[in-house]
Amino acid sequence: MNSIRRQLLLWLALGLSAGIFLAGLVLYFQAREEANDIFDYQMRQIAASLPRQAFAPIAPGRDLPDLDDEIMMQIWNSNGTVIYHSHSTSVMPQQAELGFVDVPGPGGMWRVYSAQIGNTVVQVSQPQSARKQVAAQMAIKTVMPLLLSFPLLGALIWIAVSRGLAPVQRAAADVQSRDMHTLTPIADQHLPQEIRPLTHAFNDLLTRLQHAMQAQRAFVADAAHELRTPLTALRLQAQLAERATDEAERRGAFADLKNGLERATHLVHQLLTLARQEPGVQELGRIALAPLLQSVLAELAPLAAEQEIDLGMNAGDHLTMEIQGNADALRILFNNLLSNALHYTPKGGVVDVALQRTEDGVQVTIQDSGPGIPEQERERVFDRFYRATSAASQPATGSGLGLAIVRQIASLHTATVHLDNTSQGLLATVTFPAA
């Protein structure tokens, strides 16, 4: 389970440990450098303290007392004869180079200092391991207080992390205490600045969810109201068919019942179509508009021919123009617009479809030769279940959902839909952002 507390404690502990380790490493090298200076000074002092007179040769088989286990000294004359060494057996080479030099010896590297005193050469040697040991001891003594304070620092870090995460726990408790009907925003006045982007995004989600629920309630209420009338009419028509006294009356009642069923079926189909076009339901991809429009026109061509309406399309050189969208949803959008245009265009009229590129993106226009829509109703016709007054003279085949579905699909594609009256009739313009 991924935990912010665990991640913070882990990284802080690792950072603290790495800091102590690096501090110890730096202290070790500083102590080693200081130890080198001290021991070099000591070696020079040892060599300088020797007498200037000539040394007597060492008697064969005679052992002189050792100086220090960490210091080895030997002296030889100008002929190269060793006249003194601090150990029974000399293990260091005779260095003719004066001053300090590092040479390999028993147990590793040795620091060697050679100086000429009179006719003799004095050589003082010390293993580098001794210096490293002293430097390590000094570094450990310095870092030890930090290591001993590590548990205290860990406790302080634990308390600091717990206090820092307390606002997150309070916000989580606030969200957990809510039910499905509580969509009020979370108060974030006293929350840390780092948490506020999350609460702002969550509050924005709650606002959008509240609007969606309100729209859904309104949709259900409108749908129930609109379904009540056709269902009541169907029941009455069925009763009239049952009470019919002759065959002609019965056929007329059943014809009215069939028409009522068709209107109810169309209304239910429109309601389901509108529900499917909610944001987030459709998947978008690159769509070529011209072939899609041509297929919709081909489906409606028989209806146009039956009403003797000239239905055509002008795409110019934009046959390959593409947008980001959903093919099924766009087919419904253009089918509804063209169906309305054919429905309200009188017999012998014209419906023209045009595809063009503009500064705002890609534009599709549908021009009919119908009566148009009064200016005060051009926005209301996009409301659910609203039918314009200009449709009063037309057969009541619609449910007032066609243009509501058009606007819903256009919103899904971040497109705009405008209706304008022209000298010919109604002009519907759909503008898509370019892919």
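1. Ground rules. This is a predicted model, where local features need pLDDT of at least 70, side-chain atom pairs count only at pLDDT 80 or more, and totals for chains, interfaces and linings use all residues. Residue numbers start from 1 along each chain as its sequence is written, and side-chain values use heavy atoms, with hydrogens and water left out.

2. Start with strand S1, residues 72-77. Five of its six residues are buried (under 20% relative accessible area, 1.4 Å probe, protein chains only). Strands here are DSSP runs of E with at least two residues, and helices are runs of H or I with at least four, numbered from the N terminus.

3. S1 pairs with S5 (residues 120-127) in the antiparallel sense, over six bridges; pairing takes at least two DSSP bridges. Met72, for instance, has Ser125 of S5 as its bridge partner.

4. S1 also runs antiparallel to S2 (residues 82-85), joined by three bridges, and Ile75 is partnered with Tyr84 there. The two strands make a hairpin with four residues between them, and Gly80 in that turn has a positive phi of about 90°.

5. Now the helices: H7 (residues 327-344) packs against H8 (residues 402-412) at about 145°, axes 9 Å apart. Axes are lines fitted to C-alpha atoms over the stretch in contact, with angles from 0 to 180 degrees between N-to-C directions.

6. Residues in that contact (heavy atoms within 4.5 Å) include Leu333 and Leu337 of H7 and Ile405 and Ile409 of H8.

Conventions: Buried < 20%, exposed > 50% of the residue type's maximum accessible area, 1.4 Å probe, protein only.
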